[in-house]
Protein chains: 4
Amino acid sequence: MKTDRVNKSKLGLWLIGAYGRISASVMAGLAGIRRGLYSKVGLVSELDDFRRLDLVPLEDIVVGGCDVRKSGTVEAAESLETGAHIIGEKNLDAIRDDLLRVQEDVEEGILLNAGEAVERFSSVKPGGNGMHIDAMIAQVQERIRRFQARNSLRDVIVVNLASAEAFGDAAAAPETLAELRRAIASNRKDVLSSGILYAYAAIDAGYPYVNFSPSVSSEIPAIMELAEERRVPHMGKDGKTGETLVKTVLAPMFAARNLKVLSWISHNILGNRDGAVLSDSRNARSKLENKAAALQNLLRDPGIDSQVRIDYVPSLDDWKTAWDFIHFTGFMDTRMIMQFTWQGCDSALAAPLVIDLARFIEQAHREGLYGVQRQLACFFKAPTGVHEQNFAKQYRMLKRHET
Amino acid sequence: MKTDRVNKSKLGLWLIGAYGRISASVMAGLAGIRRGLYSKVGLVSELDDFRRLDLVPLEDIVVGGCDVRKSGTVEAAESLETGAHIIGEKNLDAIRDDLLRVQEDVEEGILLNAGEAVERFSSVKPGGNGMHIDAMIAQVQERIRRFQARNSLRDVIVVNLASAEAFGDAAAAPETLAELRRAIASNRKDVLSSGILYAYAAIDAGYPYVNFSPSVSSEIPAIMELAEERRVPHMGKDGKTGETLVKTVLAPMFAARNLKVLSWISHNILGNRDGAVLSDSRNARSKLENKAAALQNLLRDPGIDSQVRIDYVPSLDDWKTAWDFIHFTGFMDTRMIMQFTWQGCDSALAAPLVIDLARFIEQAHREGLYGVQRQLACFFKAPTGVHEQNFAKQYRMLKRHET
Amino acid sequence: MKTDRVNKSKLGLWLIGAYGRISASVMAGLAGIRRGLYSKVGLVSELDDFRRLDLVPLEDIVVGGCDVRKSGTVEAAESLETGAHIIGEKNLDAIRDDLLRVQEDVEEGILLNAGEAVERFSSVKPGGNGMHIDAMIAQVQERIRRFQARNSLRDVIVVNLASAEAFGDAAAAPETLAELRRAIASNRKDVLSSGILYAYAAIDAGYPYVNFSPSVSSEIPAIMELAEERRVPHMGKDGKTGETLVKTVLAPMFAARNLKVLSWISHNILGNRDGAVLSDSRNARSKLENKAAALQNLLRDPGIDSQVRIDYVPSLDDWKTAWDFIHFTGFMDTRMIMQFTWQGCDSALAAPLVIDLARFIEQAHREGLYGVQRQLACFFKAPTGVHEQNFAKQYRMLKRHET
Amino acid sequence: MKTDRVNKSKLGLWLIGAYGRISASVMAGLAGIRRGLYSKVGLVSELDDFRRLDLVPLEDIVVGGCDVRKSGTVEAAESLETGAHIIGEKNLDAIRDDLLRVQEDVEEGILLNAGEAVERFSSVKPGGNGMHIDAMIAQVQERIRRFQARNSLRDVIVVNLASAEAFGDAAAAPETLAELRRAIASNRKDVLSSGILYAYAAIDAGYPYVNFSPSVSSEIPAIMELAEERRVPHMGKDGKTGETLVKTVLAPMFAARNLKVLSWISHNILGNRDGAVLSDSRNARSKLENKAAALQNLLRDPGIDSQVRIDYVPSLDDWKTAWDFIHFTGFMDTRMIMQFTWQGCDSALAAPLVIDLARFIEQAHREGLYGVQRQLACFFKAPTGVHEQNFAKQYRMLKRHET
């Protein structure tokens, strides 16, 4: 797999948070599909709508990445199987070697202002253990380049799958690229975060960047300027995987029928690390804001009572369960109710979208597109540079753009 | 209201099934809105998207119609209030005179092959009590014309709100207009039904026709030919009010995420006359088919296990409750579940759509459009001449057409 | 109603929080039942199981009470009807005079350490506006006695229906009756609360006392001592009306089948004043503790993950809705799920229990019983002096005691 | 395991329907518990309440049985794992040898008037392929005795786990033991069924019998007479595993609060063989009756609208899902709603009860008890000879009897 030096047809997928649940699903899923253990269900990029696109084949994707924890790709997959039972015990045996090969391409990550909830389980010292920010960025770039060289990759897509960071206030970050560069040069660790550094490192080095996490990252103006300057495509943020996806198809229905939503109450319970980190309100803030904003936007009603709860329920592990209660009025101001429950495996919902995003953004890069990739809005809770939250319209943007 | 002879700005709404729950809601709703008792929530035609259209004002709509039962508009509204509590006791007092005025414009309907479940509560003799079909049609036309003249109406929209008929097999009806005319002339009561006769009568007399019921009616080729000949607009069938509406926004979401639906099980319970009639499997057939077909169409999967139950639960009266269980697989063939419950008042969901349809089709008529009005597909479970079931796309059809 | 001086057959019901939702339901319900507007459904004391008891007839109950707000019995009923639609507009007209008669027997209440969330809507000055505690107690007693005299009542039952108080820590209160009396004598407003003062006043004056609220009150040892001394029956606390009731029948089922509950997550949403007050975490604390304790007790499992959320959703008004998610394992450690939703009108669930409690405790008083009335445990979330939380067993205690 | 000839401490469990899902769970569960792969969760007989009883240890239970299909114990377990994932792939490998050992003790079953839905998958000829009924019974007895001898068992408990039979009308069966014996002697295959023959065979030969299926069997008077004559204990019928269990704890709650249930609608969906057989209305009849009867009994209300649906949804396999919608009124005739969904693995719920029943009835037999074992009512939907359906009371019967 690593010998194709001439053709360089392969695509690298560099995952930030490589020992997390989503990464484990990406690795296990890709390996299992190649070995014929799983179907391609769940991959948007495999739909007929995108068949005539020249997307990179699944078998040409090589995975690597970094993490702040001491763990391993096999350990991550085992933990996913034990907790959520989505790999299959025998499938796990069958792909163990594939996972070990990926392991060789996973290095240590960096940590800056991620918050205590994240630092608690990290083995990496926050703030680069005294290292200058300049050096932290250089280290990240060095690691991506090494991954590319070792595997003779045509391109590498960097995807941020790290836990939600406590540094949630984008306004605190430098505004312009010039300011950002000054902050880096003067080692201003107070106004930067891992999410910003990763985005800077990837884009500055010419690698397309996807922010699948809710953390502050490539969507700040300074990084957007950098992406224009470097002519690198990027998109974010906060993957739209389950309950919010459902919201963004249901809310337009209420709007199109002129049904007035009075209250939309959402209760999410989950038991993976994501759930544990989000139980710290500082880390949950941006996620909750993204979830609430979508509704207000879609229902064009500032008066709507939209409440979102995320609670940590260890027994559920990766099986995020959501209850949504929608109170609305119809004709003659009649009060009616719709409720739904969603029982989905978070990682199995997120992982294929990560692969889809890598394939779509790689093609964009190959075709010379750069800056914000608005056509990818349908994959995100808070799509950078896109106001439209209606999923049906977002999907049309994707379909039209690509054909 | 009936004195404006010069200007003739008023629009007539002639409801087949005028003593039913939906009609009661149409009448009470319109009267209440005029008196400032209710907001305009629930009316699609009041959305900003249609503001610049020259739709007939709500206060210019005059209601009349026919029914096969001996009852009254006030009795119907009282029964709706007692059973479903959506009018409000004091509101009902406030609009009682309005309802009595409508009462003067309600005449006896006709009945042909509607099935025992319907005949059981009818006071009209099935098959016109020996009358020739020709005369039955003439009688309907005579009644609509009288309604128009009495109220000096610019136009009259005929809307079929009658209970589902047992005559569910459109294939048994005459195929061409010529055949249909021969069947009428030779008084062939075995191959015709009330639904067909009403459509024939309205369109033949130049009145736009809307089939909101699931019964066989204007969508058969013979009537479509008639509408072309008479240059009259029409559309149907089977109003998309609640659970099926939700299905046609959720199913496209599963398709767009490449999530494979294994089973979609729907259980509807309701306690109004509609529920009682549908508990006769002969009358329920076409409704169940419409509900199932939408899913298969949207998920492009003939293998999907789609089951729909409708059960009669008197205590619910008009409050249709639906439970939908959706079993699907995602990435790595992981099995997941979404469930929803819908607690909606059937009449309050249907009534505004009836008013919307009347306003939209009146405008089409005024602008010289005729034949099937495909842009109205979003209002129906089985839109005549339209294959698209995706609600978001159907709504776009409506929005684009009208602006 | 107030002329029966000789026989004195009537029972007084003195409600603390007389302008609240529950009180409005008690008053409207009793008046409506007397006038034949409602059935007796919901009243436990009307079950066959208690037929041979000599309980006071419903028509012999006279209602009065106090409140810290400026409002009225008619206003309270109107607000209940507007918000929750449980009285019926015409029924409300029919009982308006009955409510006005009750109004004459409602006086001003007292307020001490109830917390800001309560003080915000009170017109009474906290802490008796400088009055000595002794005088506050005397004032309450004076008002109850006046109510009794004015209506020639054989007995008066005092029921605490006031909002949850922030003074949630019973440990802060005086421990013994002697200490309590010293605290009162020395005007120690820091260690007392309205809940304690009301209980003291009622019991000291010889009136049976029921604490239907979650506030600290008659269950503290000092008051229990007083009740023994004064030979007055009392019971509390925190009415078991809806979701907790369901929990205390379902949890024993899991236990009896040896099914291991891993997590039991409850989310309550409601929009009445109770919901508003409970959205202040200080006022919610004792309620949440009562809800969680029941489960741990019933499942005999300290490891169970029991989480309870109460959120304020104004559009729901009195219609408390709860979603419970129960994750459990069965044979072969198989993980299974039960979920339920409860859509109940809080006041309509609480009000009949208030009437039941008054009837049962009055009979106990008449028969010479005093102190904690353990047989009434089935009506409470945190039954004073009773460890048993299994509803089936609690109900048996009630049935056996009374026959 | 089969060498303990002297002590004869082992108990035989002879399962009718040994290749079905429940039997597979019994076998896999017992084997897995012995090997430390599973906890004892789900076994009622392991509760503290029964600790001082001298129940046979789990490791002393030896399983055998019969089936009308050609299959195997390993195949059954594999199918259970593939379809429902409750064994665990590696656990299945670990117990494969245990299952093969059981295989040696599984013989061919008999078939009489079970209905087409059952015959469709049977390899055994219905009606004993011309054999005399006498011989069919003798054959069954011979097989049980052989099982006992081969394994040196102290006693054998026969448990009917076969699919629901179409022979659902107990009234068609012979009434008295004398009549039954005449019917057998005269080979009257029209008035008998497999369920009756198995019960006759077991009890006549002195083996305790448990009818866990909904089929007509030991509960008919003729067999009850036989059990008295032979002094053999027996009990049935129709295991109370999931949704009905919940009903029998919730219904008493509504009754005890005097809440009037208007409608209780239940929709069960499942995809195992049980579901397939029950989709034939002839086989479903008795099951549906058992489910509805419990409610009417508990709510003492003949007017309650109780409807039960069972639909076959293959994708669910053994994961029975039920939605229950409960419409009720409370105080002031307020209409309220409770809904629940139950997502349980049918076999994992049934299997431990089979083991419990074997242990409890074996002890009863050992202590000289015979005839109907009413104390076991809590395990059944239609407990023989017991009118009480309240689960809490039934459980008390079990606890009191045994201590």
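Trainee: In strand 9 of chain A, which residue is the bridge partner of A:Asn268?

Mentor: This is a predicted model, where local features need pLDDT of at least 70, side-chain atom pairs count only at pLDDT 80 or more, and totals for chains, interfaces and linings use all residues. Residues are numbered from 1 along each chain as written, chains are lettered from A in the order written, and side-chain values use heavy atoms, without hydrogens or water. Strand 7 (residues 260-270) and strand 9 (residues 319-329) of chain A pair in the antiparallel sense over nine bridges; pairing takes at least two bridges in DSSP, and strands are DSSP runs (E, at least two residues), helices H or I runs of at least four, numbered from the N terminus. Within strand 9 of chain A, the partner of A:Asn268 is A:Ala322.

Trainee: Which strands stand at the edges of the sheet?

Mentor: Eight strands make an open, mixed sheet in the order 8(A)-7(A)-9(A)-10(A)-10(B)-9(B)-7(B)-8(B). Two of them have a single partner strand each, so one side of each is left without a neighbour in the sheet: strand 8 (305-312) of chain A and strand 8 (305-312) of chain B.

Trainee: What angle does helix 12 of chain B make with strand 10 of chain B?

Mentor: Helix 12 (residues 346-366) of chain B lies across strand 10 of chain A plus strands 7, 9 and 10 of chain B. Axes are lines fitted to C-alpha atoms (for helices, over the stretch in contact, meaning heavy atoms within 4.5 Å), and angles run from 0 to 180 degrees between N-to-C directions. For this pair, the angle is about 80°.

Trainee: Over to chains C and D: how much area is buried between them?

Mentor: The contact takes 64 residues from chain C and 64 residues from chain D. Buried area is the accessible area (1.4 Å probe) lost when two parts are put together, summed over both. Carbon and sulfur atoms give 64% of the total, which is about 5000 Å².

Trainee: Which three residues of chain C supply more of that area than any other three?

Mentor: They make up 20% of what chain C buries against chain D, and they are C:Arg257, C:Phe331 and C:Met332.

Trainee: How many salt bridges cross that interface?

Mentor: The rule wants a side-chain nitrogen of Lys or Arg within 4 Å of a carboxyl oxygen of Asp or Glu. Between chain C and chain D, the number found is zero.

Trainee: And which element gives the largest share of chain C's side?

Mentor: Elements giving two or more residues there include helix 1 (21-34) and helix 13 (391-402) of chain C. The largest share, eleven residues, comes from strand 10 of chain C.
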